[in-house]
Amino acid sequence: QDSPLKAVQMLWVNLIMDTFASLALATEPPTEALLLRKPYGRNKPLISRTMLKNILGHAAYQLVIIFTLLFVALQRDQRPQDPRREERL
């Protein structure tokens, strides 16, 4: 099987995607409060409670949208087809 992207193309895609991500992170200057806060402890969780709520909320939202689109698409497929429409195709 032949890969859809060659090695050099994959490197270019990686470079472009990483560049946009780094620009997004680098364009906002740090606030004074962020620079003065103490570091988090070694035993503190990586994902805070607020972050977990946001992650689960976004996941639920995306699942609702995806399943709604899937349900609508399945309903459209199950409708009786007009035979004249198939003749035109």
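V8, W12, L15, I16, F20 and L23 form a nonpolar surface patch of about 640 Å². The model is predicted: local features need pLDDT of at least 70, side-chain atom pairs count only at pLDDT 80 or more, and totals for chains, interfaces and linings use all residues. Residues are numbered from 1 along each chain as its sequence is written, and side-chain values use heavy atoms, without hydrogens and water.

**Fold**
- The chain has four helices and zero strands, taken as DSSP runs (H or I, at least four residues; E, at least two).
- L15 belongs to helix α1 (residues 7-26).

**Surface**
- The accessible surface of the chain is about 9500 Å² (Shrake-Rupley method, 1.4 Å probe), and 65% of this surface belongs to carbon and sulfur atoms.
- Of the 89 residues in the chain, 0% are buried, meaning under 20% relative accessible area.
- L15 counts as partly exposed because its relative accessibility is 49%, between the 20% and 50% limits.

**Ring contact**
- The charged end of R37 sits over the ring of Y40, 4.3 Å from its centre; the criterion is CZ of Arg within 6 Å of the ring centre and within 35 degrees of the ring normal.

**Annotated span**
- UniProt (unreviewed entry) places a "transmembrane region" at residues 55-74, an annotation that may be inferred rather than shown by experiment.
- Residues 55-74 are 100% helix, with end C-alpha atoms 28 Å apart.

Definitions and conventions. Patches are made of residues with over 30% relative accessible area and no salt bridge: like charges are joined within 9 Å, nonpolar side chains (Val, Leu, Ile, Met, Phe, Trp, Tyr) within 5 Å. A salt bridge is a side-chain nitrogen of Lys or Arg within 4 Å of a carboxyl oxygen of Asp or Glu. Buried means under 20% relative accessible area, exposed over 50%, partly exposed in between (1.4 Å probe, protein chains only).
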